Amino acid sequence: MSGVGKTVCVTGASGYIASWLVKLLLAKGYTVKASVRDPNDPKKTEHLLSLDGAKERLHIFKANLLEEGSFDSPVDGCEGVFHTASPFYHAVTDPQAELIDPALKGTLNVLRSCAKASSVKRVVVTSSVAAVSYNRKPRTPDVVVDDTWFSDPELCKEMKMWYVLSKTLAEEAAWKFVKEKGIDMVTINPAMVIGPLLQPTLNTSAEGILNLINGAQTFPNATFGWVNVKDVANAHILAYEVPSASGRYVLVERVAHFSQVVKALHELYPTLHLPEKCADDKPYVPTYQVSKEKANGLGINFIPLEESLKETVESLKEKGFFSS
């Protein structure tokens with residue numbers, strides 16, 4: 001499907017996933033209204049303005065998640081809205097102000113702007129596997145996580161998983177709001193997103209790989225789902241363009257423990273100095289399965305983890321974050 005003659009909005013456009021989304025939308029002929037917090041910061045806009053088609057069809061707007069009504073202008077006149085803006089980092093001192101408010105209030109702020117704009121046909125919200133898989137059910141090798149799972153906010157609070165809580169509360173509130181307002185919304189729930197970086201700054205998920213190749217002595221005792229940023233951006237567009245798309249799409253190419261990621265990196269780059277031991281002596285956190293059925297049905301054929309890792313490392317080198 002071609003986007004020629006159609007206008008869409010991407011919030012938080014300078015982010016890792018959003019930058020790829022803007023790139024792919026422009027390539028399909030869409031006109032993109034992109035919101036960033038500070039349009040005067042070249043780190044937020046330069047890489048977007050240099051994309052093919054940007055000169056003709058990219059319009060940058062200033063908007064802030066916590067500023068009521070600041071998305072009215074970027075959303076106005078758009079047929080599709082992609083809401084990707086939400087902070088993702090681990091070191092927080094005030095989880096409410098740094099993560100929960102921007103995710104929860106920000107999502108509702110954007111959705112209120114969508115409710116005002118009669119042009120909007122569908123909203124695609126970037127949620128996370130964080131809003132899916134943290135409940136009290138066990139995650140073991142024979143368990144299959146799918147889009148019917150919802151994370152439990154009480155468990156998140158008990159475990160002090162503030163990022164997970166922020167995404168869970170934001171998605172819950174979004175579903176409630178769109179039901180009341182009759183807005184057609186689809187959510188994309190990716191796991192740990194890796195692959196090439198378009199933006200000049202280091203994002204949290206790529207940093208996880210950088211730490212492994214940059215002389216870390218140990219790897220974390222953690223198991224994550226992994227997915228390529230290009231698949232995630234593509235899934236957003238398919239979720240908007242495919243009329244039958246609905247509900248939530250969990251995106252995971254593979255679930256792998258960090259020990260398996262290190263092994264894959266070692267096979268790709270035998271000369272890299274990689275950590276050989278785990279950060280603790282506990283049994284490895286088990287892997288589990290994530291259903292690909294719904295994502296495949298949307299048209300996603302996942303890029304293999306090994307390829308994603310290679311693209312991440314090459315991109316980190318190219319951007320000067322790492323010199324081998």
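The count of salt bridges comes to 16, a salt bridge being a side-chain nitrogen of Lys or Arg within 4 Å of a carboxyl oxygen of Asp or Glu. The model is predicted: local features need pLDDT of at least 70, side-chain atom pairs count only at pLDDT 80 or more, and totals for chains, interfaces and linings use all residues. Residues are numbered from 1 along each chain as its sequence is written, and side-chain values use heavy atoms, with hydrogens and water left out.

Side chains of opposite charge can pair when their charged atoms come close. Arginine 136 lies in the loop between β5 (122-126) and β6 (144-145), and aspartate 152 in the loop between β6 and α6 (153-158), so the pair ties together parts that are 16 residues apart in sequence. Helices (H or I, at least four residues) and strands (E, at least two) are DSSP runs, numbered from the N terminus. Arginine 136 is exposed, at 52% relative accessible area. Here buried means under 20% relative accessible area, exposed over 50%, and partly exposed in between (1.4 Å probe, protein chains only).

A salt bridge also joins the side chains of aspartate 147 and lysine 294 (3.5 Å, N to O). Aspartate 147 sits in the loop between β6 and α6 and lysine 294 in helix α11 (residues 293-298), so parts 147 residues apart in sequence are tied together. Aspartate 147 is partly exposed, with a relative accessible area of 23%. Lysine 294 is partly exposed, at 26%.

In the salt bridge of arginine 248 with glutamate 171, the closest N and O atoms are 2.6 Å apart. Arginine 248 belongs to strand β11 (residues 247-251) and glutamate 171 to helix α7 (residues 162-181), so this pair links parts that are 77 residues apart in sequence. Arginine 248 is buried, at 3% relative accessible area. Glutamate 171 counts as buried, at 4%. Salt bridges that share partners also join Arg136, Asp152 and Glu158 into one network.

Helix α2 (residues 42-49) has Thr45, His47 and Leu48 as its buried residues. Seen down the axis of α2, these residues fall within an arc of 165°, so they line one face of the helix. The arc is that of the directions from the helix axis to the C-beta atoms. Lys43, Glu46 and Leu49 are exposed on the other side of α2. The buried residues of α2 pack against α1 (16-27), β2 (31-36), α3 (54-57) and β3 (58-62), where contact means heavy atoms within 4.5 Å. At the start of α2, a side-chain oxygen of aspartate 41 comes to within 2.9 Å of the backbone nitrogen of lysine 43.

An open sheet of 3 strands has the order β8-β10-β12, with mixed pairing. Its edge strands are β8 (192-194) and β12 (254-257), each pairing on one side only. Neighbouring strands are turned by 45° against each other on average, direction ignored. Two strands pair if DSSP finds at least two bridges between them. Strands β8 and β10 (residues 223-228) pair in the parallel sense over 3 bridges. Tryptophan 226 in β10 is the bridge partner of methionine 192.

Helix α9 (residues 229-241) lies across β8 and β10 and runs at about 70° to β10. Helix α12 (residues 305-318) lies across β8, β10 and β12, at about 60° to β8. Axes are lines fitted to C-alpha atoms, for helices over the stretch in contact, and angles run from 0 to 180 degrees between N-to-C directions.

Terms used. A polar contact is a pair of N or O atoms within 3.5 Å; within protein, one must be able to donate a hydrogen and the other to accept it, and residues adjacent in sequence count only if both atoms are side-chain atoms.
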